[in-house]
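Please look through the structure below.

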Amino acid sequence: MTKSEKALAEKAHPASKRRERGVGILPAQAISRMIADGEIAIAEPVAEGQVQPASLDLRLGAVAYRVRASFLPRPGGRVQTNLDDLALHTISLSQGAVLETGCVYIVPLLESLALPADVEASANPKSSTGRLDVFTRVIADGVGAFDQIPRAYNGPLYAEICPQTFPIVVRKGSRLSQIRFRNGPAADSDTALRELQLRERLVSAEHADISGGIALTVDLAGDATGLVGFRARRHTGVVDVDKVGTYPVGDYWDPIYVKDKQRLILDPDQFYILASKEAVHVPPTHAAEMVPFNPLVGEFRVHYAGFMDPGFGHAAAGGNGSRVVLEVRSHKVPFILEDGQIIGRLIYERMTETPETLYGQGLKSNYQGQGLKLSKHFK
């Protein structure tokens, strides 16, 4: 940070005078301090489990706006100005409401930001949101990119929500997105990743492919029965995003067995749940994020929900052998996936300090130690 930026931060946020942040991703205890200092403003008290090891869950506000199309505000523009022009109708979320597939909704969030000059943020769908194929992005006033909040941003946050496969029930306080805060460049170089792989065994592959991140491949060998994943059904009932272990799998999903061919043809506009071949480990010193889409390796997208917290797959936190669940959708053309094909890369970023609590350690972590697994909503 330059001297002028530091002076600006101290003037806007006196707490900055008392505390110097390290370079990296901010852990839970730093997020709690940001709330106490007013750098994260909350309309209602923090909910249980809302502060995660390296992220903060974002909560929906009391109303949703059905809009004609997705949008971003112009530079210096306000999201509310677009809503005044594009909203078709307003839906109260106080008692819960159904958001239909194929429709775009904008919801003001209960959290807003007054970031200091040394902290920026990025957002991502929560794991359960991605596994329901709910396309969710965060929008900020005057910011011309989804899920990106620049340094010194001061203003409200909004969630854009577009259910793709299942209609969903949401209400005020539902959590579909999460936000991560960072100070400076936090990503490890490939050289640092190779050293970390040797020291911490980030992925279980004997010879890890490290180039612009560490590669993950898809498992199409499956278990003893040949099960490799699930394909979402069309025209199902609703899924209440706040209900756990409620819905029968067979009412929403068809199992996929590939048997001896170890190959899967992705049909355009179908949604699949698959798993990585490798078990993944995120040590307490790091957070990880999966790059969701790379057109150079095929016209498909994997892993809408890309954040992995410190402690995911960490043996001491009960996660030894955790694989990555992949939310897969092919674009425009059928695409063949082969067993062991690279489908994405993990970027590891340093933490400014070790989180006080790790993923799966004293938290209600639904996916620690997972293999192939649907979202927490299904029984």
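Two strands pair if DSSP finds at least two bridges between them. The model described here is predicted. In this model strand 20 and strand 24 (residues 323-330) run antiparallel and are joined by six bridges.

Strands of a sheet pair through backbone hydrogen bonds, either parallel or antiparallel. An open sheet of four strands has the order 15-26-21-23, with antiparallel pairing. Its edges are strand 15 (214-217) and strand 23 (307-308); each has a single partner strand, so one side of each is left without a neighbour in the sheet. Strand 15 is joined to strand 26 (residues 342-350) by four antiparallel bridges, and Thr-217 stands opposite Ile-342 of strand 26. Helix 5 (residues 190-200) packs on this sheet, where it touches strand 15, strand 21 (286-290) and strand 26. The direction of helix 5 makes about 90° with that of strand 26.

A further open sheet has three strands in the order 7-13-17, and its pairing is mixed. Strand 7 (97-99) and strand 17 (239-240) are at the edges with a single partner strand each, so one side of each has no neighbour in the sheet. Three bridges pair strand 7 with strand 13 (residues 168-170) in the antiparallel sense, and Ala-97 stands opposite Val-170.

Now the rings. The count of aromatic pairs comes to nine. One of them is formed by Phe-166 and Trp-253, an edge-to-face pair with 5.4 Å centre to centre and 75° between the planes. Phe-166 lies in the loop between strand 12 (154-163) and strand 13, while Trp-253 lies in strand 18 (residues 253-257), so the pair ties together parts that are 87 residues apart in sequence. Phe-166 is buried, at a relative accessible area of 0%, and Trp-253 counts as buried at 1%.

Arg-137 lies over the face of Phe-146, 3.5 Å from the ring centre. The charged end of Arg-180 sits over the ring of Phe-307, at 4.3 Å from its centre.

Key. Residues numbered from 1 in each chain as written. Predicted model: local features only at pLDDT ≥ 70, side-chain atom pairs only at ≥ 80, totals over all residues. Heavy atoms only, no water. Helix = DSSP H or I, 4+ residues; strand = E, 2+ residues; numbered from the N terminus. Contact = heavy atoms within 4.5 Å. Axes fitted to C-alpha atoms, helices over the stretch in contact; angles between N-to-C directions. Phe/Tyr/Trp six-rings, centres within 6.5 Å; stacked < 30°, edge-to-face > 60°. Buried < 20%, exposed > 50% of the residue type's maximum accessible area, 1.4 Å probe, protein only. Lys NZ or Arg CZ within 6 Å of the ring centre and 35° of its normal.
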